[in-house]
Amino acid sequence: MKQNVVPEITSVGKIWGRDAIFLDEVKVLNESTFILIGEFNGNLCENLTDGTDQKFQVTFKAVHLFKMIELDFDEIEYQSSFDRIENSEQIAEMVRVDTDQHIGKIDFNFQHFVFRTYDTVFEVIGKEYELKLI
């Protein structure tokens with residue numbers, strides 16, 4: 001199957017635009033959990049109908065890949081400011097290596113996300129994420 005980039009539909013709906021996500025802080029809790037804290041532009045989130053900005057915290061868990069790159073150098077195709085890569089070639093390669101070496105750390109239940117803030121893009125392969133509005 002071909003890799004496909006799709007918008008991640010969150011509690012604030014589809015998030016779209018360069019000005020949609022402003023990042024205030026990155027917290028690394030441990031080697032496999034990190035938190036992004038910031039603010040959504042209410043005008044660029046489909047379910048924030050009153051246009052009010054909304055503070056958020058997104059926690060990525062069981063992370064096996066974490067990449068951070070300045071927005072202007074990102075080369076990953078995008079559909080929104082928060083995308084999921086279906087049939088991820090990167091996950092497939094990691095699973096292949098894991099299987100060949102009998103490691104037992106990753107499988108196809110992991111997900112591949114791309115989270116684009118105003119200045120920075122975060123690429124994450126992890127088991128799950130949790131989005132909290134604060």
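These are my notebook entries on a predicted model of one protein chain.

**Entry 1: the elements.** I began by listing the secondary structure, and I found 1 helix and 9 strands in the protein chain. Reading from the N terminus on, I wrote the order down as β-β-β-β-β-β-α-β-β-β. I then looked up the radius of gyration, which is 15 Å and close to the 14 Å that the globule rule gives for 134 residues, so the protein chain is as compact as a globular protein of that length.

**Entry 2: the sheet.** Which strands make up the open sheet, and in what order? I traced 5 strands in the order β1-β6-β7-β8-β5, and their pairing is antiparallel. At the edges I found β1 (4–7) and β5 (65–70), each of which has a single partner strand, so one side of each is left without a neighbour in the sheet. I also noted that neighbouring strands of this sheet are turned by 20° against each other on average, with direction ignored.

**Entry 3: the whole chain.** For the overall extent, I noted that the C-alpha trace of the protein chain spans about 50 × 30 × 25 Å along its principal axes. The accessible surface comes to about 7700 Å², of which 48% belongs to carbon and sulfur atoms, and 43% of the 134 residues count as buried. Last, I looked at contacts between residues at least 6 apart in sequence, and 69% of these join residues at least 24 apart.

How values were computed: Residues numbered from 1 in each chain as written. Predicted model: local features only at pLDDT ≥ 70, side-chain atom pairs only at ≥ 80, totals over all residues. Heavy atoms only, no water. Pairing = 2+ DSSP bridges. Helix = DSSP H or I, 4+ residues; strand = E, 2+ residues; numbered from the N terminus. Axes fitted to C-alpha atoms, helices over the stretch in contact; angles between N-to-C directions. Rg over C-alpha atoms; globule rule 2.2 N^0.38 Å. Buried < 20%, exposed > 50% of the residue type's maximum accessible area, 1.4 Å probe, protein only. Contact = heavy atoms within 4.5 Å. Areas by Shrake-Rupley, 256 points an atom, 1.4 Å probe, with all protein chains shown as cover.
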